[in-house]
Amino acid sequence: RTGTAWEPHCFFPYTMHNDQLVKLGDVVRLKHAVQDAYVSASADPQDKTISLVADGSCLSSTMWVIRDDNVLAGGIVRFHRSYTLMHLVTRAFLTNTSELL
């Protein structure tokens, strides 16, 4: 257990090797276990609003792509490394501007 309430859920879980691993380039939905809700972004590129969506539907607004600074990098996502999350629809990046997370 990692000590976090955030759980990545792969949207396309099929892989030839192991469907338990999250890899760079995977489309994920970020679920907050305590709130039982997914991180959602507005489909409008001008609207920078991020919210939690409590329903379990597979909305495109809740889909994020895991990326590395090196766009040619691949492989398994590992703890204690930095990655970026790009919104699948708007191509905007999820960023943290608070030290209080």
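Trainee: Which residues does Ser-40 touch, not counting residues up to four places away in sequence?
Mentor: Ser-40 touches Thr-49, Ile-50, Ser-51, Val-53, Ser-61 and Thr-62 once those neighbours are set aside. Contact here means heavy atoms within 4.5 Å. Keep in mind that this is a predicted model, where local features need pLDDT of at least 70, side-chain atom pairs count only at pLDDT 80 or more, and totals for chains, interfaces and linings use all residues. Residues are numbered from 1 along each chain as its sequence is written, and side-chain values use heavy atoms, leaving out hydrogens and water.

Trainee: Okay, is Ser-40 buried or exposed?
Mentor: Ser-40 has a relative accessible area of 6%, so Ser-40 counts as buried. The cut-offs are under 20% for buried, over 50% for exposed and partly exposed in between, using a 1.4 Å probe and protein chains only.

Trainee: What does the side chain of Ser-40 make a polar contact with?
Mentor: With the side chain of Ser-61, at 3.0 Å. A polar contact is a pair of N or O atoms within 3.5 Å; within protein, one must be able to donate a hydrogen and the other to accept it, and residues adjacent in sequence count only if both atoms are side-chain atoms.

Trainee: Where is Ser-40 in the fold?
Mentor: Ser-40 sits in strand E3, residues 37-41. Strands (E, at least two residues) and helices (H or I, at least four) are DSSP runs numbered from the N terminus.

Trainee: How many helices and strands are there in the protein chain?
Mentor: Zero helices and seven strands. From the N terminus on, the order reads β-β-β-β-β-β-β. Of the 101 residues in the protein chain, 26% are buried.

Trainee: Which residues make up the largest nonpolar core?
Mentor: There are eight: Val-22, Leu-24, Val-28, Leu-30, Val-39, Ala-41, Trp-64 and Ile-66. At least two residues of this core come from each of strand E2 (27-32), E3 and strand E5 (64-67). A nonpolar core is a set of buried Ala, Val, Leu, Ile, Met, Phe, Trp, Tyr and Cys residues joined through side-chain atoms within 4.5 Å. In soluble globular proteins, nonpolar side chains tend to be buried together.

Trainee: And what is Val-39 in contact with, leaving aside neighbours within four places in sequence?
Mentor: Val-39 has quite a list, including Trp-6, Leu-30, Ile-50 and Trp-64.

Trainee: New topic: is His-32 buried or exposed?
Mentor: His-32 is buried, because its relative accessible area is 15%. His-32 belongs to strand E2, and a polar atom of its side chain lies 3.1 Å from the backbone nitrogen of Gln-35. Beyond four places in sequence, His-32 is in contact with Ala-5, Trp-6 and Ala-37.

Trainee: What about His-9, where is that?
Mentor: His-9 is in strand E1, residues 6-10. With 30% relative accessibility, His-9 is partly exposed. His-9 and Leu-30 are 21 residues apart in sequence, and their C-alpha atoms are 6.3 Å apart in space. Among the residues that His-9 touches are Val-28, Lys-31 and Tyr-38.

Trainee: Last one: what is phi of Asp-36?
Mentor: Near 55°, a positive value in a residue other than glycine. Most residues other than glycine have a negative phi. Asp-36 lies in the loop between E2 and E3 and is partly exposed, with a relative accessible area of 42%. Arg-91 also has a positive phi, near 65°, and is found in the loop between strand E6 (84-87) and strand E7 (93-94).
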